[in-house]
Number of protein chains: 2
Amino acid sequence: MMASTPNQSSLQRGFAKHDHADCIVAAMSAVETQCADGGLRFTPVRRAVLEILLREHRAMGAYAVLEDLSAQGFGSQPPVVYRALDFLVSHGFAHKIERLNAFIACAAPGHDDTPAFMICRVCDTVAETPSAPAREELGRVAEASGFVIERTVIEAEGVCPGCAEAAPE
Amino acid sequence: MMASTPNQSSLQRGFAKHDHADCIVAAMSAVETQCADGGLRFTPVRRAVLEILLREHRAMGAYAVLEDLSAQGFGSQPPVVYRALDFLVSHGFAHKIERLNAFIACAAPGHDDTPAFMICRVCDTVAETPSAPAREELGRVAEASGFVIERTVIEAEGVCPGCAEAAPE
DNA sequence: CGAGTGATTGTATAACATAACGCAATCCGG
DNA sequence: CCGGATTGCGTTATGTTATACAATCACTCG
């Protein structure tokens, strides 16, 4: 049967299709604004890397990004891309998917610095979802043992709706 | 002899000290039993790798394990250790800490195949903790979007009780 | 015995990541 | 505008993590 929630398109952070050109423009401008406000230098390399990640809209290895980047005339050595990725990740404009050793543009800059991710093992699509509830649960356990949590990685691996339909186990 | 120990140790899964020799023996024998029951081949290499992980009692890179392993006269090439680690991880006898690209022996074989971890960034100690509650929360969100979760990585990074006390920020 | 299965090993290479250096652009107080 | 401080960029080199591929060994089942 149909799923219950036909939800808002512009905030879509799941696996549904969306207007891609629009989502790129929106994300770029959101990041631009945040950089301006925060006195951060949104340099050409950083901008290019973010654009690459947004355009692909999936987790990319650093070297895949680098390939694109150098094709655009930027430096072609690993440190170039790693520095840009560090900048983007540390300011919440992109995320590192630890499970894949790969990077993805943030789907909603400014909303949640450390979301949870759902990774489709078939098509490698990665969807972002709020992680606050799960983090709270974990925080309770940690607190009891005296552990101070600074950051939590939450990554679910499985099969996305599209792939489950296409190739039912 | 010193063999007699308060049994606080056998259930310890946090940061507290414990009887290490006892915990190694207990874990090895638990794994041995499970392999026998399940028809799994607990070969010398696999046994040696698990022993190394248990002895160190912290997350180790594959190449650190390999060094120990080859010092014991086993093969000294990466695939040797990766195969053994794959076996241990896939059967729940060890875990991969994605955040560190490192491996650690399971603290409670048979109890929870995919626990959550608390990683101390100061001393690199890793504690295992049940993750069921947090996974449930996430499962609810995933279900709503049609994503089928097969495995969830939950890794909290922070400061353990011991280190927080030693160097309070 | 002989075929099949699964483990072990080794070679080679792929993929991911950082150290260290010097130059260039940018920022900022004077 | 000038000059120093800071930050980013490009490059060389290297370190670390992981897998593809193929040959060999050992055990089991028919």
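The model is predicted. Chain A superposes on chain B by a rotation of 179° with 0.1 Å of shift along its axis, at an RMSD of 0.2 Å. The two copies are thus related as by a two-fold rotation axis. The same surface serves both copies, since 94% of the contact residues of chain A recur in chain B.

**Interface of chains A and B**

- In the interface, 33 residues of chain A are in contact with 32 residues of chain B.
- On the side of chain A that touches chain B, at least two residues each come from β3 (116-120), α5 (132-145), β5 (148-159) and α6 (161-166) of chain A.
- β5(A) gives the most to this side, with twelve residues.
- By residue class, the side of chain A that touches chain B has 19 nonpolar, seven polar and seven charged residues.

**Strand pairing across the interface**

- Strand β5 (residues 148-159) of chain B pairs with β5(A) in the antiparallel sense, over eleven bridges.
- A:Val148 has B:Val159 in β5(B) as its bridge partner.

**Surface near DNA strand D**

- DNA strand D is surrounded by 20 residues, of which the closest are A:Thr43, A:Val45, A:Gly75, A:Gln77 and A:Pro79.
- Both chains supply elements that give two or more residues to this surface: α2 (44-56) and α4 (78-90) of chain A, and α4 (62-71) and α5 (78-90) of chain B.
- α4(A) gives the most, with five residues.
- The residues of the surface near DNA strand D comprise eleven nonpolar, six polar and three charged.

Terms used
Residues numbered from 1 in each chain as written. Chains lettered and ligands numbered in written order. Predicted model: local features only at pLDDT ≥ 70, side-chain atom pairs only at ≥ 80, totals over all residues. Least-squares fit on C-alpha atoms with pLDDT ≥ 70 in both. Contact = placed C-beta atoms within 7 Å. Near = placed C-beta within 6 Å. Helix = DSSP H or I, 4+ residues; strand = E, 2+ residues; numbered from the N terminus. Nonpolar A, V, L, I, M, F, W, Y, C, P; charged D, E, K, R; others polar. Pairing = 2+ DSSP bridges.
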